[in-house]
Amino acid sequence: MFKTIVDPADCEERSAIRFLNAKNVKQAEIHRQLVEINGKNVMTDGMVRKWVRQFNDGHANVHDEARSGRPSVVNDGLVAKVNEKIRENRRFTIRMLCDEFPQISKTVLHEIVTNRLISAGLTFFAFRNRIAERPSQSEGSAIVLNILNAH
């Protein structure tokens, strides 16, 4: 009896399919062997046939193709508008920005401030001063302040 592989990675299953297909093992037998080793948590017979076809057509990569994902709502225009609002009021909070931009989620606004503006240095002084006003709030604030002062 073989040891079962409880949760095989997709690329492991595809590698096994590619290997067995190269040895001219029939598609149904490939699926049967995968079920024997991996148990019921295995790709379907139809998916095995699909991968055998792809490998026969010259497809050699067993890893997932890169996909673009959901397009970002953050663009340079929005970043500029958020930066302008922050420069108008250096004592901003994310909640205040939510009031100014009701169509944009709090998470997206936080991402703009932390990843786009602070990393670009556009709101460096406003952010540094905001953290410096409340140094006792968290150890993380002190770490961020030290990093910002170093730049």
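Tryptophan 51 is buried, with 7% relative accessible area, where buried means under 20%, exposed over 50% and partly exposed anything in between (1.4 Å probe, protein chains only). Before going on, a word on the ground rules: this is a predicted model, so local features need pLDDT of at least 70 and side-chain atom pairs count only at pLDDT 80 or more, while totals for chains, interfaces and linings use all residues. Residues are numbered from 1 along each chain as its sequence is written, and side-chain values use heavy atoms, leaving out hydrogens and water.

**The aromatic pair**

Search the whole structure and you get one aromatic pair. Its members are tryptophan 51 and phenylalanine 55, tilted, with 5.6 Å centre to centre and 35 degrees between the planes. For the cut-offs, rings of Phe, Tyr and Trp (its six-membered ring) pair if their centres lie within 6.5 Å; planes under 30 degrees apart are stacked, over 60 edge-to-face, and the rest tilted. Tryptophan 51 and phenylalanine 55 are about one helical turn apart because they sit four residues apart in helix α3 (residues 45-56). Helices here are DSSP runs (H or I, at least four residues), strands likewise (E, at least two), numbered from the N terminus.

Here is how the accessibilities line up:

| Residue | Relative accessibility | Class |
|---|---|---|
| Tryptophan 51 | 7% | buried |
| Phenylalanine 55 | 10% | buried |
| Glutamate 36 | 32% | partly exposed |
| Asparagine 41 | 43% | partly exposed |

Glutamate 36 belongs to helix α2. Its side chain makes a 2.9 Å polar contact with that of arginine 32; a polar contact is a pair of N or O atoms within 3.5 Å, where within protein one must be able to donate a hydrogen and the other to accept it, and residues adjacent in sequence count only if both atoms are side-chain atoms. Leaving aside residues up to four places away in sequence, glutamate 36 touches Phe2 and Thr4, contact meaning heavy atoms within 4.5 Å. Phenylalanine 2 is 34 residues away from glutamate 36 along the chain, yet their C-alpha atoms are separated by 7.9 Å.

Asparagine 41 sits in the loop between α2 and α3. With the residues up to four places away in sequence again not counted, asparagine 41 touches Val6, Asp7, Pro8 and Glu13. Aspartate 7 and asparagine 41 are 34 residues apart in sequence, with 6.9 Å from C-alpha to C-alpha.
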